[in-house]
Each structure stands twice: as C-alpha cells, then as structure tokens.
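Q: I'm new to this one and would like to learn how to read it. Can you walk me through a few features?

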Amino acid sequence: MSPQNFADRLAAVRERMTRAASRSGRSAHSVTLLAIGKAQPPEVLAMAADLGIGDFGESYLQEALEKIAALRERRITWHFVGRLQANKTRPVAEQFAWVHALDRLKIAERLAAQRPFHAPALNVCLQVNLGGEASKGGVTPAQLPELAAAVARLPRLKLRGLMCLPPEESEPARQRAWFAQLRALRDELNSGGAGLDTLSMGMSGDFEAAIEEGATVVRVGTALFGLRPTTIRTS
Ligand SMILES: *Cc1c(COP(=O)(O)O)cnc(C)c1O
C-alpha cells in the first residue's frame, strides 16, 4: 500500500469515528484509534506511524516482538490484544504498555510478577465473552466481578477497563446492543468503586456502533490496512 493510499484510508476511518462520536455527543478526542497491524510488516507500521498513529495492537507474540524490535526508535505504544498463554507472559510484561484480553487470574499474576520495576504499571483490560462463544476468550459477566477485584489487588498492573469481541452482527442496532452490555458491566463495576476508564470495543465492521455506546478504544485492522492474507489467523 502506498503512503497516499494509507493516508486516504486513515482519513476515512477518522472521519467515521468523528461522525459516530458527534452522533452521541462525544468528542472525537475521547476515542483512541488502536491500529491492529497483525500480518502487516514493520515497514507498513512505520508508514502508519509517520502519518500519526501512535498506538499499535498485535495478536501474535512472535510477530509482535519482531516489529517492536524493528521499530524501537519510534515512539509507539504497544498493545497486546490476542490470547495470552501462561508460558508467554514475560515478553508481554516486559515490552508492552497494554494487555486487552486478560481473562485468567493466573495470567494476571504472572504479568504482575514479571513487569519490570522501572516500567510504569502495565495497563490491562478484562475480556468479557458476551455471546458465550466457545471459540473466543473472556469471562462470563457473572465471573467478571470476582476477577476484577482480584486483578485490581495485584501490584504492577493497572486495571483500566473491559474489552469484548462480540458475535458478528451486520445490523447497527444489534451491534450496539452488545456494546451496551459491556458498558453496563463497566458502569456496574464503577458503581462499586472500580474506577475503570476504558472500554476497548469495536473493530472495522462495527466501530461506529461501539463509539455510540461509549468505546474509548477502537481496534481497527482491515479498514486501515486492507484485507489480511488468509493464511494468517484472525482471531
Ligand atoms: C484482528 C483483530 C482486530 C481487528 O479486526 P479488523 O476486523 O481487521 O478491524 C481487533 N481486535 C482483535 C482482538 C483482533 O484480533
């Protein structure tokens, strides 16, 4: 993709974000565009960074570590958005600023133990499996309060909010209904004093609905970078 081509896509995504935010009376600045660069080479991410993207999300650890090394000279905030195995937590604790899909206390404990003392706290979001889909990670809404309380007690981690990957819906009203559920869960935790400021929800196909329901981070891949090669897993 040429820089001009990417710049056009980026402008279109930002325009859609701004319109969705204004429909719900929000400022576009209240939503962070997290560019999901999985399957994209470091040169493409470098081009995106040159055009103003500061936050990148990755799902596959090995691929992510190669890009972090290649782009070390740039000011990039790295987010791990994939499922994390217990034996792979250390590089995430050491090299990322955010983890979005936390759903097990054991993983959280390892991240807390492995986060370097000189680094700021690792920002984490808990993934909620709203649709009860076996193929996706996340806790059930019923399990959420207990996990949130346990993670909030860990040192070196900062519990920032909730994340979801809801069932795919083509109708905006149905998309919004899922995102409204995540927002309600966040509000419930906050009424108990959790102080969560982040809702990581919305992807290329539904980020406008997510923004209308209060997303503070949208995770966008395809709409920015085009279709990924089919050999790469996507979830
Ligand atoms: C791949 C991925 C995205 C981006 O999906 P697109 O539909 O390409 O925008 C967002 N979140 C997670 C967790 C992903 O794995």
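Q: Where does Asn-129 lie?
A: Helices (H or I, at least four residues) and strands (E, at least two) are DSSP runs, numbered from the N terminus. Asn-129 sits in the loop between β5 (122–128) and α6 (144–152). The model is predicted, so local features need pLDDT of at least 70 and side-chain atom pairs pLDDT 80 or more, while totals for chains, interfaces and linings use all residues. Residues count from 1 along each chain as its sequence is written, and side-chain values use heavy atoms, leaving out hydrogens and water.

Q: Is Asn-129 buried or exposed?
A: Buried means under 20% relative accessible area, exposed over 50%, partly exposed in between (1.4 Å probe, protein chains only). Asn-129 has 10%, so Asn-129 is buried.

Q: Which polar contacts does the side chain of Asn-129 make?
A: A polar contact is a pair of N or O atoms within 3.5 Å; within protein, one must be able to donate a hydrogen and the other to accept it, and residues adjacent in sequence count only if both atoms are side-chain atoms. The Asn-129 side chain reaches the backbone nitrogen of Gly-132 at 3.1 Å, and one of its polar atoms is 2.8 Å from the backbone oxygen of Glu-133.

Q: What about polar side-chain atoms and the ligand?
A: An N or O atom in the Ser-204 side chain is 2.5 Å from a ligand oxygen. Arg-228 places a polar side-chain atom 2.8 Å from an oxygen atom of the ligand, and Arg-219 has one 2.9 Å from a ligand nitrogen.
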